[in-house]
Amino acid sequence: MHLSHASDAPAAEQTDFATFLKADIRVGTVVSAEDFPEARKPAYKLMIDFGPVIGRKKSSAQITANYTREELIGRQVAAVVNFPPRQIGPLMSEVLTLGFADEAGEVVLFSPDKPVPDGSRLF
């Protein structure tokens, strides 16, 4: 599913701005985080509020190595909101929560460094 997460991986092939704009990346606030024991790799089930237009969406996120459920509540995260839903075990994941790999290969969430309105789009 993923290209290499290594920091020394070569850049992906060139694309154009119109293709980039097709990915709708928005900010939302995590309103709940639950354990997801049915997932193949340790993960949480997240409910993320993207504001009144997009609403609340579910996501599976393999972020247990760097985050507790409690510290996720109220945290703003970035996610792709226009991919088709994907079945992850018993959960239908509606958005792809975004992050980067740390030195151990574990996910560090991608989020704004200052609060922004939920539903704000990346540009």
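# Questions on a predicted structure

User: In this model, is Phe 17 buried or exposed?
Analyst: The model is a predicted one. The relative accessible area of Phe 17 is 59%, and the exposed class begins over 50%. Phe 17 is therefore classed as exposed.

User: Which helix supplies the largest share of the nonpolar patch?
Analyst: Phe 17, Phe 20, Leu 21, Phe 100, Phe 110 and Leu 122 make a nonpolar surface patch of about 580 Å². Phe 17, one of these residues, lies in helix H1. The largest share of the patch amounts to 3 residues and is supplied by residues 17-22, that is, helix H1.

User: Which residues touch the most other members of the largest nonpolar core?
Analyst: In soluble globular proteins, nonpolar side chains tend to be buried together. The largest nonpolar core here has 15 residues. The members that touch the most others are Leu 46, Ile 48, Ile 63 and Leu 72.

User: Which strand gives the largest share of this core?
Analyst: Strand S1 (25-35), strand S2 (44-49) and strand S4 (76-80) each contribute at least two residues to the core. The largest share is 3 residues, and it comes from S2.

User: Which residues are in contact with Leu 46, leaving aside its neighbours within four places in sequence?
Analyst: Leu 46 is among the core residues that touch the most other members. Two others of that group, Ile 63 and Leu 72, are also found in its contact list.

User: Which strands are the edge strands of the open sheet?
Analyst: The open sheet has 5 strands in the order S3-S2-S1-S4-S7, with antiparallel pairing. An edge strand here pairs on one side only. That applies to strand S3 (56-61) and strand S7 (96-97).

User: How many bridges join S1 to S2?
Analyst: Strands of a sheet pair through backbone hydrogen bonds, either parallel or antiparallel. S1 and S2 run antiparallel, and Val 30 stands opposite Ile 48 in S2. The number of bridges that join S1 to S2 is 6.

User: How many bridges join S1 to S4?
Analyst: S1 and S4 run antiparallel. Gly 28 stands opposite Val 77 in S4. The bridges that join S1 to S4 number 5.

User: Which residue in S7 stands opposite Ala 79?
Analyst: S4 and S7 run antiparallel and are joined by 2 bridges. In S7, the residue opposite Ala 79 is Thr 97.

User: Is Glu 34 buried, partly exposed or exposed?
Analyst: Glu 34 lies in strand S1. Not counting residues up to four places away in sequence, Glu 34 touches Ala 43, Tyr 44, Lys 45 and Arg 69. Its relative accessibility is 43%, whereas buried means under 20% and exposed means over 50%. Glu 34 therefore counts as partly exposed.

User: Which residues are in contact with Pro 42, leaving aside its neighbours within four places in sequence?
Analyst: Pro 42 is found in the loop between S1 and S2 and, at 59% relative accessibility, counts as exposed. Its C-alpha atom is separated by 15 Å from that of Ser 93, 51 residues apart along the chain. Once neighbours within four places in sequence are left aside, the contacts of Pro 42 are Gln 62 and Thr 64.

User: How many residues apart are Arg 69 and Asp 35, whose pair links distant parts of the chain?
Analyst: The side chains of Arg 69 and Asp 35 meet in a salt bridge of 3.3 Å, N to O. Arg 69 is in helix H3 (residues 69-72) and Asp 35 is in strand S1, so the pair links distant parts of the chain, while Arg 69 counts as partly exposed at 30% relative accessibility and Asp 35 as partly exposed at 45%. The two residues are apart by 34 residues.

User: Which residue forms a salt bridge with Glu 70?
Analyst: Glu 70 counts as exposed, at 55% relative accessibility. The closest N and O atoms of this salt bridge are 3.6 Å apart. The partner of Glu 70 is Arg 69.

User: Which residues are linked in a network of salt bridges?
Analyst: The structure holds 4 salt bridges. One of them joins the side chains of Arg 26 and Asp 24 at 2.6 Å, N to O, and Asp 24 counts as buried at 12% relative accessibility. The network consists of Asp 24, Arg 26 and Arg 121.

Key
Residues are numbered from 1 along each chain as its sequence is written. This is a predicted model: local features need pLDDT of at least 70, side-chain atom pairs count only at pLDDT 80 or more; totals for chains, interfaces and linings use all residues. Side-chain values use heavy atoms; hydrogens and water are left out. A nonpolar core is a set of buried Ala, Val, Leu, Ile, Met, Phe, Trp, Tyr and Cys residues joined through side-chain atoms within 4.5 Å. Buried means under 20% relative accessible area, exposed over 50%, partly exposed in between (1.4 Å probe, protein chains only). Helices (H or I, at least four residues) and strands (E, at least two) are DSSP runs, numbered from the N terminus. Contact means heavy atoms within 4.5 Å. Patches are made of residues with over 30% relative accessible area and no salt bridge: like charges are joined within 9 Å, nonpolar side chains (Val, Leu, Ile, Met, Phe, Trp, Tyr) within 5 Å. Accessible areas come from the Shrake-Rupley method with a 1.4 Å probe; for residues, only the protein chains shown count as cover. Two strands pair if DSSP finds at least two bridges between them.
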